[in-house]
Amino acid sequence: MEKFKKPIYVTQPFLPPLEQFQGYLKEIWDSKWLTNQGKFHQEFEKALAEYLGVKYISLFTNGTLAIITALQTLRITGQVITTPFSFVATTHALWWNNIKPVFADIEPTTFNLDPEKIEAAITPNTTAILPVHVYGNPCNVDRIKEIADTYGLKLIYDACHTFGVKINNVPVLNFGDLSVMSFHATKVFTTFEGGAIVCHDEATKKRIDFLKNFGFAGEITVVAPGINAKMNEFQAALGLLQLKYIDEAIEKRKQIAAHYRETLMNVSGLKYLEDIPGVRHCYSYFPILIDKEKFGKTRDEVYEHLKRHNIYGRRYFYPLISQFPAYKGLESAQPGKMTVAERVAEEVLCLPIYPDLKEQDVELVCSLIKSFGHQKGKSRNEISNRKNNTSSKLG
Ligand code: T4K
């Protein structure tokens, strides 16, 4: 098959019309106010809280500094239970706070921390739980809250994949003591780089705001050894503008996910996640699991095959964080302890998904995958017949 002329990456940022951003740039230029709680920072913070349906939010320069600061905010020490199946930044944030990560296994259905494994990992030194809503799919928030309450543990969610996600109309960000977001270029909602912490009371927001600004509580008052993690005016201006387009962007992602699901349906050896009833998803990633026996090829073979055709899927999250040199010596990281996470990390491949991805590109990715395995699954004709006969999910 002919190699695509233009590479297709796992993601591509969704950007508003440049002319519209230029208006914001002009204002920044004229005011000469570039950062430190500027006009756009204040406006964006307010508008974002409203959009997300949360009471208090503090903007950050990126998600990693936001997780580090979230742990500082609650003065977390000792041991924290977390998932090995995430981007390294989740665990690195613990390391930067001199906290010992304790890894627990994930659920086979959502790839999120398994509540029962959390409970089994609790020791007298455990102070908090740091789960991740992986790929934007909500954790079992009720059961995890029950465990945190029972054992008196703090609960910080890494919600870096979750933008606008709701469970039965309740924002997922409202669960836990704090939730941390990322607005990196590869995320559903981007401010170039960026992040935020969501909290539930004014006093906590105040502490977060001090900590992200070197600990300053006034011109000459420093209340804590804070860091510099402030979002600047360029990021905030882009955020303000992005809010106008985000619903449209998520809707397009939803259509792409539906298209993948229809086209890859019934391919032996391939699995994908379904939407969870009652959940408003944001479709940040489209992971598939490849069972090498049933599919006839390994995940890495499929990954390389797509690469040869200029399609760059990603093996998020392989290797597991627990397999990196900084963490692999930990007792909880030993091979064989997290069998679900180990299997998922070997089988997962995230396929390209972003609002501007074309229908024919989705078809091509799928047909390259299907023709590579030893079972072809449904043909395109079968699929288009199905689309004509049923109400299409693509609308
Ligand atoms: N917690 C979780 C669960 C996270 O996933 C992340 C970040 C964090 C915490 C930390 O949040 P931040 O501090 O980053 O705000 C990317 C991102 O850098 C990282 O933000 C993200 N998770 C992670 C899952 O993915 P890489 O190294 O895979 O990105 P990169 O540069 O290879 O980009 C992937 C593809 O995206 C490229 O092949 C092309 C496309 N791309 C990328 C960039 C940067 C673009 O089209 N435009 C761009 O500007 O880590």
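Reader: How much space lies in the largest pocket?

Author: Rolling a probe the size of a water molecule over the atoms shows where empty space is left. On a 1 Å grid over the protein atoms alone, a pocket is an open set of points with protein on both sides within 12 Å along at least five of seven lines, whereas a cavity is a set where a 1.4 Å probe fits but cannot get out. Here the largest pocket holds about 410 Å³, a volume being the space filled by probe spheres set on grid points joined across faces, edges and corners. This is a predicted model, in which local features need pLDDT of at least 70, side-chain atom pairs count only at pLDDT 80 or more, and totals for chains, interfaces and linings use all residues. Residues are numbered from 1 along each chain as its sequence is written, and side-chain values use heavy atoms, with hydrogens and water left out.

Reader: Thanks! Which residues of the lining lie nearest the centre of the largest pocket?

Author: Lining residues have an atom within 4 Å of a point. There are 26 of them for this pocket, with Phe87, Ala89, Ser182, His184 and Lys187 nearest its centre. Two elements, α3 (63-73) and α4 (89-96), each give two or more residues to this lining.

Reader: Where does the ligand sit?

Author: A molecule sits in a pocket if more than half of its atoms lie within 2 Å of the pocket's grid points. By that test, the ligand sits in the largest pocket. It is surrounded by 26 residues, and Thr64, Asp158, Ser182, Lys187 and Tyr316 are the closest; a residue counts as near if one of its heavy atoms lies within 4 Å. The largest share of this shell, 3 residues, comes from α3.

Reader: Which polar side-chain atom lies 2.7 Å from an oxygen atom of the ligand?

Author: A polar contact is a pair of N or O atoms within 3.5 Å. The atom you ask about belongs to serine 182. On its own the ligand has 910 Å² of accessible area, and the protein covers 75% of that (Shrake-Rupley method, 1.4 Å probe).

Reader: And how many cavities of 30 Å³ or more does a search of the whole structure find?

Author: The search finds 3. The largest cavity has a volume of about 130 Å³, and Tyr135, Asn137, Arg261, Tyr283 and Tyr285 lie nearest its centre among 15 lining residues. The second largest cavity has about 70 Å³. Its lining has 13 residues, with Cys160, Thr162, Phe163, Ser182 and Lys187 closest to the centre.

Definitions and conventions: Helix = DSSP H or I, 4+ residues; strand = E, 2+ residues; numbered from the N terminus. Polar contact = N/O pair within 3.5 Å; in protein donor to acceptor, adjacent residues only side chain to side chain.
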